[in-house]
Amino acid sequence: MPSLSDLKLHSSGKVREIYEWDGDLLMVASDRISVYDVVMPTPIPDKGKVLTGMSVFWFGLTEDIVPNHFISEDVPEEVSGRAMRVRRLEMYPVECVVRGYLSGSGWKEYREGGAVCGIELPPGLVESDKLPEPIFTPATKAALGDHDENIDFERAAEIVGDRGLMEELRRVSIEVYRRGAEHAAERGIILADTKFEFGRADGEPIVLADEVLTPDSSRFWPADRYEPGRTPPSFDKQFVRDWASARGWDKTPPAPELPPDVVEQTREKYVEAYERITEKRLD
């Protein structure tokens, strides 16, 4: 087993590093947290373990729907628990977003024009309303530090260059979302929306990649505190966003240090999401 220093760094993002490993990749989730696309200076303990553990869980639960890039959790000791060995893929240049509830940028779009990413929705919906059916609302993949941009299906098909492939990405995305939402609902959690990334490998045109159905890529709400017309509390970084906004931070670097109580409460939300979804204790 190599050590991390033996491997070549492939890329580094806001919250993870990717290394090259004998033709495969090692994806390492850090404890860093980003808010409004800015990395906060204070880490959230165990966040990397939560993102990796939940992704591995969901890869197993959805592999009958779509193949994925996961190979093994047998990784260098210094990143054990927060890293996974994965296949190299040629990634598609769109984010595959599925929304089952009206929140976030979707709610903003709906208020402005009654539609989300070109999809007309019924009139009179309120914030956090459950949609009649989950909708597929793709987005561009922004460069580091920029914001993803919501686009309609036709624009996504142009970017990918294959309308039939984009239709299949939509079908698979909605099916994986439904599987995740059903599983979460049985454990008292609403999966409001999520984003997926896909790539291709030899002989496999659609392979699920990156992280899947985690608090960083999804909006999880406690079902017992859900109420249409308001923003429910969530198992994610919203607690940090609210704290940062309340103290007047302008959402540009440098970000403020997080106080210990905000760090601990954020950690608790991530860990609770992991333990309720996987029905395992976080090691």
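**A pocket, a helix and some aromatic pairs**

Five residues, the largest share of the lining of the second largest pocket, come from α1. This is a predicted model, so to speak a computed one, in which local features need pLDDT of at least 70 and side-chain atom pairs count only at pLDDT 80 or more, while totals for chains, interfaces and linings use all residues. Residues are numbered from 1 along each chain as its sequence is written, and side-chain values use heavy atoms, with hydrogens and water left out.

The second largest pocket has a volume of about 270 Å³. A pocket here is an open set of points on a 1 Å grid over the protein atoms alone, where a 1.4 Å probe fits, with protein on both sides within 12 Å along at least five of seven lines; lining residues have an atom within 4 Å of a point. Its volume is the space filled by probe spheres set on the points, which are joined across faces, edges and corners. There are 13 lining residues, and G53, E73, G81, Y274 and D283 are the closest to the centre. The elements giving two or more residues to this lining are α1 (47-62) and α6 (260-278); helices are DSSP runs of H or I with at least four residues, strands are E runs of at least two, and both are numbered from the N terminus.

What about α1 itself? Of its 16 residues, 13 are buried, leaving the helix mostly covered (buried means under 20% relative accessible area with a 1.4 Å probe, protein chains only).

Turning to the rings, the whole structure holds eight aromatic pairs. Rings of Phe, Tyr and Trp (its six-membered ring) pair if their centres lie within 6.5 Å; planes under 30 degrees apart count as stacked, over 60 as edge-to-face and the rest as tilted. Y101 and W221 pair edge-to-face, 5.6 Å centre to centre with 75 degrees between the planes. Y101 lies in strand β9 (residues 94-101) and W221 in strand β16 (residues 218-222), so the pair ties together parts 120 residues apart in sequence. Y101 counts as buried at 10% relative accessibility, and W221 does at 1%. Ring pairs link Y101, W221 and Y226 into a cluster.

Conventions:
Buried means under 20% relative accessible area, exposed over 50%, partly exposed in between (1.4 Å probe, protein chains only).
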